[in-house]
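Visitor: I have a model open on my screen, and I would like to learn how to read it feature by feature. Could you take me through it slowly?

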Amino acid sequence: MAEFHIPNDVIYLDGNSLGPLPYKAKNRALEVVNQQWGEDLIASWNTHDWIGLPLKVGNKIAPLIGAVQNSVVCCDSISVNLFKVLSAALKINANRTKILSQTDNFPTDLYMAQGLVKQLNGIGGNDEKYQLVTTDADVIFNTLEQDGNDIAILMLTHVNFRSGDSYDIERLTQLAHAKGVLVVWDLAHSAGVLPLSLSEWQVDFAVGCTYKFLNGGPGAPGFVYVAPHLMDSLDQPLSGWMGHKKPFSFDPSYTKANGIQQFLCGTPSIISMSVLDAALDVFDGISIARVRDKSIALNSFFQSCVEQLLGSSLTLACPFKAQDRGSQISFQHPQAYAICQALISKNVIADFRAPNILRLGFSPLFLRFKDVLIAAQILSEIISSEIFLKEEFHIKNTVT
Ligand SMILES: *Cc1c(COP(=O)(O)O)cnc(C)c1O
């Protein structure tokens, strides 16, 4: 709690969408703007090692996701990074043409795969060689078992953004490999809150964002993980100068950098990445296993408070046991949007996910059990009094 700025009287159950401001990040923002940019100007690329920031930040993220040093780099967004890793993986598995995913994966993941497939099939062409195939979550395993020999890449999100349902990364990765399939995991809702062992689980590729449980700030750059043994055989299409072996030789032809830096493209957003760099220091000396323990405890405490106060008048839209879901709880209700707006009007910040999900996230680094109890009381008042029926709670905002 002492590490974060949380506005007075606010109970913030949305750290899974936008992590709150760590004081260290705020101080770094001032330093990077006033001193590094303001006073030291362009020399800062060397003197403050701006040029080394993507790898330095990647190396801070690595232990949080169970990755070895120099296998993670910070850059771009999940969407852009997915385009790079999917392209690179398709080239490795060049005799296969299908990407398998889940129908209700986070839409940008599906959109990026659709865009890539369209590009590879030739703009305007009728060729259907490359395909994105999606199935329901509960049949992914069987689909892989039956049709795996035909699939190039398995692309999944570890924790589903609506339901909080999670996959067993290790088991699915093993099955995928047995079928010659490469895996790409999206860690958007797990990095910083669920224990991950990417190296041990032999994951090929992973992407993630840093503005959710990693508290890097709005639009903070994402990250890419690649298994070290794949580095040499990779070829990603966004071959910008920062991914060049020697960017400052200004060679007219592209030669990729050897390691994970080959996933860089253009100039990094230094201000945002510096803020993220400082935000990650909040995790110093904290084990993710303990973060997860508190996440489960907060999550199940909230659930039992709601059960005691409301019985079963709210329908869960997630696995019943907190152990079986990510660091969130979801309810399904036809008036989920209005309930969420009513909560916000009482300073309990949650979010709504279309079409009918009320989602509450538990960020263990700053939330207290007291906060969660008060939130459950306010939620039950809103439901029992039906105050959410008021017209003011039905006005739709652009961002929900
Ligand atoms: C938040 C989120 C994203 C966001 O992608 P960006 O390109 O970084 O905006 C992607 N995938 C999942 C699963 C998410 O939850």
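Visitor: What lies 2.5 Å from an oxygen atom of the ligand on the side of K212?

Guide: A polar contact is a pair of N or O atoms within 3.5 Å; within protein, one must be able to donate a hydrogen and the other to accept it, and residues adjacent in sequence count only if both atoms are side-chain atoms. Here a polar side-chain atom of K212 lies 2.5 Å from an oxygen atom of the ligand, a polar side-chain atom of S79 lies 2.5 Å from an oxygen atom of the ligand, and one of D186 lies 2.8 Å from a nitrogen atom of the ligand. The protein covers 87% of the 390 Å² of accessible area that the ligand has on its own, with areas taken from the Shrake-Rupley method with a 1.4 Å probe, where for residues only the protein chains shown count as cover.

Guide: Please keep in mind that this is a predicted model, in which local features need pLDDT of at least 70 and side-chain atom pairs count only at pLDDT 80 or more, while totals for chains, interfaces and linings use all residues. Residues are numbered from 1 along each chain as its sequence is written, and side-chain values use heavy atoms, with hydrogens and water left out.

Visitor: Which residues are around the ligand?

Guide: A residue is near a molecule or strand if one of its heavy atoms lies within 4 Å of it. The residues around this ligand include S77, I78, F106, T108, D109, T157, H189 and Y211. By class, the shell has four nonpolar, five polar and three charged residues, where Ala, Val, Leu, Ile, Met, Phe, Trp, Tyr, Cys and Pro count as nonpolar, Asp, Glu, Lys and Arg as charged, and the others, Gly among them, as polar.

Visitor: In what order do the seven strands of the open sheet stand?

Guide: Strands (E, at least two residues) and helices (H or I, at least four) are DSSP runs, numbered from the N terminus, and two strands pair if DSSP finds at least two bridges between them. The order here is β4-β10-β9-β8-β7-β5-β6, with mixed pairing. Because β4 (72-74) and β6 (131-135) stand at the edges with a single partner strand each, one side of each is left without a neighbour in the sheet. Within this sheet, four bridges join β9 (residues 205-208) to β10 (residues 223-226), which run antiparallel, and F205 stands opposite V226 in β10.

Visitor: Which strands does helix α5 lie across?

Guide: Contact means heavy atoms within 4.5 Å, and axes are lines fitted to C-alpha atoms, for helices over the stretch in contact, with angles from 0 to 180 degrees between N-to-C directions. Helix α5 (residues 107-121) lies across β5, β6, β7 and β8, running at about 150 degrees to β6, whereas helix α7 (residues 169-178) lies across β7 and β8, at about 155 degrees to β8.

Visitor: What is the backbone geometry at P355 and D76?

Guide: Most residues other than glycine have a negative phi, and most peptide bonds are trans. The peptide bond from A354 to P355 is cis, with omega near 5 degrees, and P355 lies in the loop between β14 and β15. Phi of D76 is near 50 degrees, a positive value, and D76 lies in the loop between β4 and α4.
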